[in-house]
Amino acid sequence: MLITAGYYAGDSAGGTRHMDLIVVWGDGEVTLYQGGYGNDPARPFAAEHQLKPGKSIFTQAVNVTGINTGGGTDGVVVRWSDGEMTLYTSVDAKGFHGEKQLAAPRSAEWKDDARQLTGGRFTANGLRDDLLVSFKDGHVSVFSDLAVNGLKKQTQPVAKNNTWPAAEVLASGSFTGKATDDLLVRWIDGETTIYPGMTGTSLPAEDKIRSRNSQWKDAAVIAVGAFATNTAANDILVRWNDGHVSYFPGVDAKGLHDEIQLAPAS
């Protein structure tokens with residue numbers, strides 16, 4: 001399963017409707033869970049739309065992440081198993097639109113070397129249109145302004161090292177009120193870290209929200225969005241290894257607070 005959040009069914013940050021969630025299931029079905037208008041934190045989604053049926057091309061998706069390039073709705077970047085990188089400039093309840101190829105199939109950089117990725121606002125132009133990627137040798141790159149530059153404008157805030165190959169899940173959000181998005185990293189040992197105000201030039205000092213050997217080593221997939229209120233993307237939604245789904249609203253520099261279960265273990 002892969003998940004990512006965004007405004008795909010209309011509305012935007014600061015509006016009255018909560019953020020949507022896209023789920024890519026193991027059989028290739030893709031579902032859009034439309035954010036609601038209510039205040040019940042246990043019911044953040046109000047409708048469900050099938051974007052792709054089972055056995056679709058999305059059985060080959062390795063990573064998906066939400067991004068905004070200035071269109072009417074948010075888009076999605078997909079890394080495929082053959083190394084192709086695709087940007088869908090907008091997604092709505094009717095499906096994926098504006099397909100652009102960012103990297104051709106059989107690119108070694110994207111097929112073999114890339115590991116995790118997340119879209120976010122890591123530069124100064126105000127859009128969530130940058131892509132942060134970790135690679136198997138530990139280096140981390142930011143690809144800025146995807147709609148304009150594709151994957152051509154690259155900076156490297158983290159050089160090759162022996163630490164970042166242990167980064168198992170990446171997500172971006174707005175937890176600390178910085179000018180750029182914060183980077184969330186769930187490490188292989190369960191430690192979970194926020195880097196406030198991530199940029200394309202350097203790695204900020206970290207805030208640790210879970211220590212090593214914590215329950216979070218079982219956090220299989222993570223999405224960050226505005227699921228409880230529509231003021232900031234500071235709610236963390238987790239699908240755990242046993243299948244249960246929960247989320248943590250209002251995460252900030254002090255860490256996690258309430259946990260709300262959305263679905264039981266399967």
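Reader: Why is the contact between Arg-212 and Asp-189 called a salt bridge?
Author: The closest N and O atoms of Arg-212 and Asp-189 are 3.6 Å apart, and a salt bridge requires a side-chain nitrogen of Lys or Arg within 4 Å of a carboxyl oxygen of Asp or Glu, so the pair qualifies. The pair links distant parts of the chain, 23 residues apart: Arg-212 lies in the loop between strand S16 (207-210) and strand S17 (219-225), and Asp-189 in the loop between S14 and strand S15 (192-195). Helices (H or I, at least four residues) and strands (E, at least two) are DSSP runs, numbered from the N terminus.

Reader: On what basis are such values given?
Author: This is a predicted model, in which local features need pLDDT of at least 70 and side-chain atom pairs count only at pLDDT 80 or more, while totals for chains, interfaces and linings use all residues. Residues are numbered from 1 along each chain as its sequence is written, and side-chain values use heavy atoms, with hydrogens and water left out.

Reader: What makes Arg-212 exposed and Asp-189 partly exposed?
Author: Arg-212 has 55% relative accessibility, and Asp-189 has a relative accessible area of 23%. Buried means under 20%, exposed over 50% and partly exposed in between (1.4 Å probe, protein chains only). Therefore Arg-212 counts as exposed and Asp-189 as partly exposed.

Reader: Why are Tyr-33 and Phe-45 called a tilted aromatic pair?
Author: The structure holds 12 aromatic pairs. In this one, the ring centres are 6.2 Å apart and the planes stand at 50°. Rings of Phe, Tyr and Trp (its six-membered ring) pair if their centres lie within 6.5 Å; planes under 30 degrees apart count as stacked, over 60 as edge-to-face and the rest as tilted, so this pair is tilted. Tyr-33 in strand S3 (residues 30-35) and Phe-45 in strand S4 (residues 45-52) are 12 residues apart. Phe-45, at 21% relative accessibility, counts as partly exposed.

Reader: How do you know that the pair of Trp-110 and Phe-135 is tilted?
Author: The ring centres of Trp-110 and Phe-135 are 5.8 Å apart and the planes stand at 55°, so the pair is tilted. Trp-110 belongs to helix H1 (residues 108-113) and Phe-135 to strand S10 (residues 130-135), so parts 25 residues apart in sequence are tied together. Trp-110 is buried at 2%, as is Phe-135 at 3%.

Reader: What makes S11 and S12 paired strands?
Author: Two strands pair if DSSP finds at least two bridges between them. Three bridges join strand S11 (residues 140-143) to S12, so the two antiparallel strands are paired. In S12, Val-158 is the bridge partner of Val-140.

Reader: Why are S9 and S12 said to stand at the edges?
Author: The open sheet of four strands has the order S9-S10-S11-S12, with antiparallel pairing. Strand S9 (114-120) and strand S12 (154-158) each have a single partner strand, so one side of each lacks a neighbour in the sheet.
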